[in-house]
Amino acid sequence: MSSTELPSVPPTSVLPKAASVRVAEGERLRSVRLPGITLTVRSRPAARTGLHPALYVHGLGGSSQNWSALMAQLDGVVESEALDLPGFGDSPPPDDGDYSITAHARAVIRHLDASGRGPVHLFGNSLGGAVSTRVAAVRPDLVRTLTLVSPALPELRVQRTAVPTGLLGMPGVAGLFTRFTREWTAEQRVRGVMALCYGDPGQVTPEAFGHAVEELERRLRLPYFWDAMTRSARGLVSAYTLGGQHGLWRQAERVLAPALLVYGGRDRLVGFRMAQRAARAFRDSRLLTLPNAGHVAMMEYPETVATAFRELLEQTAHPGPAAEARAAKDAGDGTAPEAGAGKRSEADTGAGQEAGPGTGSGSGAFTERAGGSAGTGS
């Protein structure tokens with residue numbers, strides 16, 4: 001095996017059965033078989049009839065459990081489903097071993113097409129934010145609104161604290177890391193992850209910490225855990241290098257759905273400075289900044305994020321003169337897509353051939369509308 005190859009992973013049919021995944025009160029898990037992939041989907045029964053569907057996509061190393069707190073906050077607002085991307089959570093690896101952004105976006109599209117739930121309110125965090133951006137750009141017919149929490153969009157000057165995550169995709173680094181950390185306990189690993197992802201790790205309750213340790217112990221027993229992490233990190237880095245119409249920033253500009261962008265002032269993985277660029281890139285955006293939040297605001301401040309999302313729904317139900325003026329401008333300058341251009345084939349999910357690879361409190365949030373202030377946040 002050459003130095004650039006990753007160890008092979010056993011077929012899904014012979015993988016060992018890991019310990020059961022935690023299911024919070026009010027949640028259900030089901031397995032969805034699709035061409036080339038099997039997805040585990042976490043859902044909450046609709047609180048009432050007539051609710052629009054929502055789909056949540058987690059970040060690198062995460063799972064559908066990352067959305068449990070926000071899903072509970074949005075009971076009665078949307079009908080919630082969160083999926084485990086292939087190789088993460090309780091979803092087995094994809095048959096073809098492809099963990100690129102395009103492959104993850106294809107998995108989301110296949111699920112939405114098969115379920116017939118679209119258009120959905122699509123949520124994405126970190127890696128899932130990049131995936132959701134691509135889905136919204138190439139399949140606008142599937143996305144009603146787009147909410148991105150610290151989306152992993154390309155940065156020219158990456159934060160030093162984010163460098164190790166990017167290096168994980170380099171050949172041989174995962175093996176070195178696993179050897180270096182062989183003696184680390186699951187508790188030590190979880191503390192490290194929380195220090196990286198939370199603005200204030202001290203706000204994590206002992207119960208939540210214990211659940212995180214149990215989940216990590218379960219996933220470390222899976223023979224494909226590091227392979228999924230490494231290949232997904234490599235796929236994200238590869239997506240950062242794409243230019244032209246397949247570049248993530250160009251695809252952000254193509255998104256038609258109203259967007260809510262959430263950035264944390266203490267994010268150690270996605271630069272807070274990227275918030276304004278993102279607000280300019282998405283044509284119909286609202287920006288929520290949380291000074292004390294880190295990389296996973298939907299877990300740190302679920303009530304605040306839920307309030308901002310409800311405001312997004314109210315604004316898009318009654319868009320007002322600013323949104324109408326933008327729509328008129330788009331129609332006048334030809335930037336709006338042609339009629340019937342919404343649905344596209346899976347082959348058009350973007351990347352062609354990606355290489356496989358402040359201060360203040362959470363309640364001090366500030367929400368603004370791209371192009372001008374829209375008032376204070378919750």
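Let's start with Ser64, which sits in the loop between strand 3, residues 53–57, and helix 1, residues 68–73. Keep in mind that this is a predicted model.

Is Ser64 buried or exposed? Its relative accessible area is 0%, so Ser64 is buried. Setting aside neighbours within four places in sequence, Ser64 is in contact with Arg42, His58, Ala82, Leu83 and Asp84.

Asn66 is also placed in the loop between strand 3 and helix 1. Asn66 has a relative accessibility of 16%. Buried means under 20%, so Asn66 counts as buried. Which residues does Asn66 contact, leaving aside neighbours within four places in sequence? They are His58, Met298 and Met299. His58 is therefore on the contact list of Ser64 and on that of Asn66.

Next, the nonpolar core. The largest one has 87 residues. Those touching the most other members are Tyr56, Trp67, Leu70, Val108, Leu146, Leu261 and Phe282. Which helix gives the most to this core? Helix 3, residues 127–138, does, with 7 residues.

Take Leu70 from that group. Not counting residues up to four places away in sequence, Leu70 touches Tyr56, Phe123, Met298, Pro302, Val305 and Ala306.

Last, Leu288. This residue lies in strand 8, residues 285–290. Leu288 is buried, because its relative accessible area is 0%. Between Leu288 and Phe309 there are 9.9 Å in space, C-alpha to C-alpha, and the two are 21 residues apart in sequence.

Notes
Residues numbered from 1 in each chain as written. Predicted model: local features only at pLDDT ≥ 70, side-chain atom pairs only at ≥ 80, totals over all residues. Heavy atoms only, no water. Helix = DSSP H or I, 4+ residues; strand = E, 2+ residues; numbered from the N terminus. Buried < 20%, exposed > 50% of the residue type's maximum accessible area, 1.4 Å probe, protein only. Contact = heavy atoms within 4.5 Å. Core = buried A, V, L, I, M, F, W, Y, C linked by side-chain atoms within 4.5 Å.
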